[in-house]
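Work through the exercises below with the coordinates open. Try each task before reading its solution.

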Amino acid sequence: MTTSPDLRPEAANNETHERSTSGVGPWPGERADWPSEPYYDPELLEHGDTRNVIDRYRYWRTESIKEDLDQQRHTFHVAIENWQHDMNIGSIVRSANAFGADTVHIVGRRRWNKRGAMVTDRYQHVEHREDIDALIEWAQAEGVPIIAIDNVPGCVPMETFDWPERCVMLFGQEGPGLTDEAVAAAEAVVEITQYGSTRSINASAAAAVSMYSWVQQHSPLRPR
Ligand SMILES: C[S@@+](CC[C@H](N)C(=O)[O-])C[C@H]1O[C@@H](n2cnc3c(N)ncnc32)[C@H](O)[C@@H]1O
């Protein structure tokens, strides 16, 4: 019989539904009793799993986690302009993973700032688009509307916006924001209403809010 570590939320000694990100040790018990399903990684069973993954994926091979996520990804994509190695991009990839985005498109420079991604890019589809024209070409081929996210003239408030079920939400960078080309490529421009004195929130915060907003309208997985 297989014995497994106690991964029940109530077994965790903290207030979240997941155990601490410090991870779990080697699988307990005799090796002969370890689980043999192909998605388990023998190295992790032997040495423990300190990755920042939810309890369900403890000891799973990285590629198996990605394949499992592929079964239930949402139908929105995320794109971010990358002309200045903006450090928000890593955080956006991390949020895209958390909210089940289909793919993140890096528009502009191929190399992107991975700080903040916390290696979530291993579980997330991330593709490169040379420029806005390349993103437009991809979006047209896929039949996916581009929704620009920024607080620029002509934008509509996200709170009243009906998200298309399939779409790519496009974000700008710290400082310049979205380029004119990006705004021109969009079917709609959507802003997150602010109430303070600052002109904008940072791009990764805007991305998390936007993904959350889409999920509220469309996710079949959201609690009701
Ligand atoms: C820090 S903002 C810079 C540009 C901003 N328009 C300004 O005037 O300061 C960087 C990016 O974050 C996103 N963003 C920031 N605040 C936003 C808001 N209130 N509504 C929608 N997007 C926002 C946009 O994608 C924007 O291009």
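This is a predicted model: local features need pLDDT of at least 70, side-chain atom pairs count only at pLDDT 80 or more; totals for chains, interfaces and linings use all residues.

**Exercise 1. Overall layout**

Task: State how many helices and strands the chain has, and give their order.

Solution: Start with the count. The chain holds six helices and seven strands. Now read along the sequence. The pattern is α-α-β-α-β-β-α-β-β-β-α-β-α. Finish with the extent: the C-alpha trace spans about 65 × 35 × 30 Å along its principal axes.

**Exercise 2. Domains**

Task: Find the domain bounds and the separation of the domain centres.

Solution: Take the bounds from the domain assignment. Domain 1 covers 9-65, and domain 2 covers 73-218. Then take the centres over C-alpha atoms. The centres of domain 1 and domain 2 are 32 Å apart.

**Exercise 3. A helix pair**

Task: Describe how α3 and α6 pack, and decide whether they are parallel or antiparallel.

Solution: Two quantities are needed, because a packed pair is described by the angle between the axes and the distance between them. Helix α3 spans residues 88-98, and helix α6 spans residues 203-218. Their axes form an angle of about 15 degrees and lie 8 Å apart. Angles under 35 degrees count as roughly parallel. Therefore α3 and α6 are roughly parallel to each other. The crossing of α3 past α6 is right-handed. Next, list the contact. From α3 come Asn-88, Ser-91, Ile-92, Ser-95 and Ala-96. From α6 come Ala-203, Ser-204, Ala-207, Ala-208 and Met-211. Sort these by class: six are nonpolar, four are polar and none is charged.

**Exercise 4. The ligand shell**

Task: Name the residues that come nearest the ligand, and classify the shell.

Solution: By class, the shell has eight nonpolar, seven polar and four charged residues. Now look back at the helix pair: Ala-203 is also listed in the contact of α3 with α6.

Methods
Residues are numbered from 1 along each chain as its sequence is written. Axes are lines fitted to C-alpha atoms, for helices over the stretch in contact, and angles run from 0 to 180 degrees between N-to-C directions. Helices (H or I, at least four residues) and strands (E, at least two) are DSSP runs, numbered from the N terminus. Angles under 35 degrees count as roughly parallel, over 145 as roughly antiparallel, 65 to 115 as roughly perpendicular and the rest as oblique. A crossing is left-handed if the near helix is turned anticlockwise from the far one by less than a right angle, and right-handed if clockwise. Two residues are in contact if their C-beta atoms, placed from the backbone, lie within 7 Å. Ala, Val, Leu, Ile, Met, Phe, Trp, Tyr, Cys and Pro count as nonpolar, Asp, Glu, Lys and Arg as charged, and the others, Gly among them, as polar. Domain bounds come from an automatic or database domain assignment.
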